[in-house]
Amino acid sequence: MKLSQVKALLPTLENVTFKLENGSFVPEHFHVTEVGMVTKNFIDCGGVIRTEKTVNFQLWNADDFEHRLKPAKLLNIIKLSEEKLGIEDAEIEVEYQSDTIGKYALAFDGTNFILQNKTTACLAQDACGIPSEKVKKNLSELSVNQNASCTPGGGCC
């Protein structure tokens, strides 16, 4: 989800809620402690130089149980960040700590913002020789080599 999409949704909401894919919610007394632009410059394993830009939201739980972030307040934080930091309209990545700091993509289900699990991937699969898809075979398609089979007491392996 891009920043512009969040900005368009916020005025339509009564509350800002974040839900993890496992169904649990970020406690309603969370704080957005950071909104920023993150630029990642790196070389992938195939030697290609890459740049990724994301808008970063950091969520934090304090012992401030009466705190509730309203949509207008988050929109003001975003606007201030755009004005002061020159934040671009990029994909949002949310940092949220459970057991450790996790990074999540952001979606919306009509009521809640959804923290979507992210995974790592090889960006240069062609250079690494990683097949794009595993070949699936039925067991009936495999040929049997009788000389390579193990028998009880036959001294295999």
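Which side chain makes a polar contact with the side chain of Asp44? I began with this question, and I note that the model is a predicted one, in which local features need pLDDT of at least 70 and side-chain atom pairs count only at pLDDT 80 or more, while totals for chains, interfaces and linings use all residues. Residues are numbered from 1 along each chain as its sequence is written, and side-chain values use heavy atoms, with hydrogens and water left out.

**Entry on Asp44**

I found that the partner is the side chain of Arg50, at 2.6 Å; a polar contact here is a pair of N or O atoms within 3.5 Å, where, within protein, one must be able to donate a hydrogen and the other to accept it, and where residues adjacent in sequence count only if both atoms are side-chain atoms. I located Asp44 in the loop between strand 2 and strand 3, strands being DSSP runs of E of at least two residues and helices runs of H or I of at least four, numbered from the N terminus. I looked up its relative accessible area, which is 8%, so Asp44 is buried (buried means under 20%, exposed over 50%, partly exposed in between, with a 1.4 Å probe and protein chains only). Leaving out residues up to four places away in sequence, I see Asp44 touching Arg50, Leu123 and Ala124, with contact meaning heavy atoms within 4.5 Å.

I then traced the open sheet, whose 6 strands run in the order 1-6-5-4-3-2 with mixed pairing; two strands pair if DSSP finds at least two bridges between them. Strand 1 (18–20) and strand 2 (30–43) stand at the edges with a single partner strand each, so one side of each is left without a neighbour in the sheet. The twist from one strand to the next averages 40°, where axes are lines fitted to C-alpha atoms (for helices over the stretch in contact) and angles run from 0 to 180 degrees between N-to-C directions.

I noted that helix 2 (residues 71–85) packs on the sheet and touches strand 2 and strand 3 (49–61), its direction making about 40° with that of strand 2.

**Entry on strand 4**

I see strand 4 pairing with strand 3 in the parallel sense over 5 bridges, and Gln58 stands opposite Glu95 in strand 4. With strand 5 (residues 101–108), strand 4 (residues 92–97) pairs in the antiparallel sense, also over 5 bridges, and 3 residues lie between the two in their hairpin. I recorded that 5 of the 6 residues of strand 4 are buried.
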